[in-house]
Amino acid sequence: MSKDILLWDETLFKNAEVLEIDHIPEHFAYRDNQLQAIKYSLKPVIHGMRPVNCLISGPPGTGKTTSVLKIYDEMQDHVNNVVFLKVNCQIDSTRFAVISRIYRQLTGVTPPTSGIAFRTLFENTMHHLVENNKILVLTLDDINYLFYEGHADDVMYSLLRAHEHYPGVKIGIIAVVSDTGALYQFDTKVTSVFLPEEIDFPRYEYEELQGIIDDRIKNAFYPDVIPSEVRDHIVQYVDDIGDLRIGIDLLKRAGLNAENRASRVVSIADVDKAYESSKLLHICRSIRALNSNEKTLLRLIVDNNNTQAGELYNSFHEATGQGYTHFYNMINKLHASQYIDVDFSGEGKRGRTRIIKLRSNPDDVLKCLEK
Ligand SMILES: Nc1ncnc2c1ncn2[C@@H]1O[C@H](COP(=O)(O)OP(=O)(O)OP(=O)(O)O)[C@@H](O)[C@H]1O
Ligand SMILES: [Mg+2]
């Protein structure tokens, strides 16, 4: 048997764990300034003081979440009256869901999903902090998902001014914005109390991507599994898109593809095949966060691309029974999240009509909707 053939019980992965989506890499290069800035802002908690708020922003897959978690990890051992929490606003995308998650993480008790008002839950949360004499450091990760329906300002405002209603409450907020090009802005009543340290996460340079991918390859695979030209091919894909998450997913899938054809070496073709799935990572991640009516609407847009808003509304109403206000809000959300373009045409019978156009590739959107 040729030595190039992988036996059925052999693997190319030395440690597949490091290619998992939630793996926190030990070696985290090129983000020293950002890590320092976060640490510096949180430092006051060591002396029992409220931390400086932070606004972290940058494109997807540039290390924002990982940086926060690394600093949490580092500081956790040095303080005992501080709770470090992170809420993923893509999953908890209303003010009730956010406070509910905070309450659960603080107390270990899951609050009921209905029959309890936001105010009550908020009050209980604040009392818990005061009674236990805890400072709360809260990361609102991917807070852009709270903007579409106006929840971002509500959540921020309630938390940032909590100390006025609940004396003794100490909360610092790290707001993380995944900058996908959509516009967002906090209300002035929020900005006047938020006053954050602004920390930018720019896209990685080609050489930086190369360094990070190289390091991950060394940890994940046995030697010589990924030849340098294959490595470069992967880095090129990542550089085109700018999201490291896709690079790490590519490594995993390309490795599995090579294993499936019993090869000891990953080829360019393994990477290209992997890319067909990896490239959907972005879009599928955000489509997963849509609710079922929003998914129905997106599906209707895929099936009836370039349709007038009025016609689309009729189909949507027929499918879901939802009224126009809901429809209108959802169109705004899909627009803000860059799934669609809304063009005005002068051709409608009653003046200007809006034409709804899909921005992403329809096949990609369908694949994610069907997952
Ligand atoms: N400097 C780095 N060194 C090693 N790995 C990195 C580095 N930066 C990012 N990564 C890896 O890239 C992936 C994406 O990082 P992370 O989730 O922190 O991005 P993000 O900026 O929070 O993205 P999003 O805006 O989409 O939430 C993770 O798997 C992380 O381990
Ligand atoms: Mg993130």
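In this predicted model, the shell around ligand 1 is made up of eight nonpolar, eight polar and five charged residues, where Ala, Val, Leu, Ile, Met, Phe, Trp, Tyr, Cys and Pro count as nonpolar, Asp, Glu, Lys and Arg as charged, and the others, Gly among them, as polar. Of the 21 residues around ligand 1, those that come nearest are Lys64, Thr65, Thr66, Ser178 and Tyr204, a residue being near if one of its heavy atoms lies within 4 Å of the molecule.

Local features need pLDDT of at least 70 and side-chain atom pairs pLDDT 80 or more, while totals for chains, interfaces and linings use all residues. Residues are numbered from 1 along each chain as its sequence is written, chains are lettered from A and ligands numbered from 1 in the order in which they are written, and side-chain values use heavy atoms, without hydrogens and water.

Polar contacts (pairs of N or O atoms within 3.5 Å) reach oxygen atoms of ligand 1 from the side chain of Ser178 at 2.6 Å, and from the side chain of Arg285 at 3.3 Å.

How values were computed: Polar contact = N/O pair within 3.5 Å; in protein donor to acceptor, adjacent residues only side chain to side chain.
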